[in-house]
Amino acid sequence: MIITQNQKDKAAQFQEMHKREGVFVLPNIWDTGGARIFQDRGFEALATTSAGIAFANGFSDGEELPLNILLETVRRITNRITIPLSVDFERGYGENDSEIYENTKQLLFAGAVGLNIEDGLPNKKISDTQVMKNKLDCMNELKKELGLNFLINGRTDIYWNEIGDQRRRLAATIERANNYFSWGADCVFVPGNISFNELEKLVKEVNGPINVLLSKNLKNIAQLHALGVKRVSLGSSLSRNSIHNLFNESEKIRENAFESLLTDTLSYDFVNQFYEMNEGGE
């Protein structure tokens, strides 16, 4: 397994997206067909959703999906698109240095040029900062070893897991974010119920680009741009929207009601021709 010049170029392209002026939306997909649709619609880069890949394979989210399925999914996607792909790597499927090193290496050999690494734990707590420092150190060593400047998106789940006193969350998040940047993260992801005013203070007081999760409060891209947010992720929303439609259709089919299935859908020829015309990838 090798790192190609094409992969290095994609990594550089993805890094540049986080340095230039303005905010960008990064759709989170879970399969190759979906990735091809968003590439065709002109998006410059994509990311996976850990929840979406897990749900599509019949697992719950939270590293319940076997790592080999995640890696195979990433390989399939990167082999069929020509734009950068970042991967939701959750906690890296490990806690010690050797596990993080090996798992990250496999992910990069699968074609990823970016990844999320998070500090949230399954019990709704948060890992010690030293754990994240060790993980970021391992990943930055791999950058040097492989000559691949993949983008590390350090995710802090203080708001997501509602850690501690609500009045202290902003200060704790700012501290974590600046630590992660100082330890080699290229971007910091702050999902959860953060207010617009808190986000404004966060962006001003951290030393790098901030990624937020689309929500009812954080959906005005023009406002987020004015605030200085760099990246907006869709998270598992696309996947859950798709599953919502499946639940609805399954109920109709159970009642022998097929009208929407037969009328509110794309034709076989349209979809087949779309994938014939879009034979992207390397």
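Helices, which take at least four residues, are DSSP runs of H or I and are numbered from the N terminus; the legends below use these numbers for a predicted model.

View 1. Asp 137 and Lys 133 both belong to helix α6, which covers residues 129-146, and they sit four residues apart, about one turn of the helix. Their side chains meet in a salt bridge, with 3.1 Å from N to O. Asp 137 counts as partly exposed at 32% relative accessibility, and Lys 133 is likewise partly exposed, at 25%. Side chains of opposite charge can pair when their charged atoms come close.

View 2. Helix α10 runs over residues 237-254 and contains both Glu 249 and Lys 252, three residues apart, about one turn of the helix. The side chains of Glu 249 and Lys 252 form a salt bridge of 3.6 Å from N to O, and Lys 252 is partly exposed, with a relative accessible area of 35%. Glu 251 and Arg 254 also both lie in helix α10, three residues apart, and they are joined by a salt bridge whose closest N and O atoms are 2.8 Å apart. Of this pair, Glu 251 is partly exposed at 41% relative accessibility, whereas Arg 254 is exposed at 57%.

**View 3. A network of charged side chains.** Glu 63, Arg 91, Glu 95 and Lys 135 are linked in a network of salt bridges. The structure as a whole holds 18 salt bridges.

**View 4. A nonpolar patch on the surface.** Ile 253, Phe 258, Leu 261 and Leu 262 form this patch, and together they have about 380 Å² of accessible area. Leu 262 lies in helix α11, which covers residues 259-263, and with a relative accessible area of 66% Leu 262 is exposed.

View 5. The structure holds zero disulfides.

**View 6. The whole protein, for orientation.** The protein has twelve helices and nine strands. Its radius of gyration is 19 Å, close to the 19 Å that the globule rule gives for 282 residues, so the protein is as compact as a globular protein of that length. The C-alpha trace spans about 55 × 45 × 35 Å along its principal axes, and 49% of the 282 residues count as buried. Among contacts with a separation of 6 or more, 70% come from residues 24 or more positions apart.

Conventions:
Residues numbered from 1 in each chain as written. Predicted model: local features only at pLDDT ≥ 70, side-chain atom pairs only at ≥ 80, totals over all residues. Heavy atoms only, no water. Disulfide = S-S within 2.5 Å. Patch = residues over 30% accessible without salt bridge, like charges linked within 9 Å, V, L, I, M, F, W, Y side chains within 5 Å. Areas by Shrake-Rupley, 256 points an atom, 1.4 Å probe, with all protein chains shown as cover. Salt bridge = Lys/Arg side-chain N within 4 Å of Asp/Glu carboxyl O. Helix = DSSP H or I, 4+ residues; strand = E, 2+ residues; numbered from the N terminus. Buried < 20%, exposed > 50% of the residue type's maximum accessible area, 1.4 Å probe, protein only. Rg over C-alpha atoms; globule rule 2.2 N^0.38 Å. Contact = heavy atoms within 4.5 Å.
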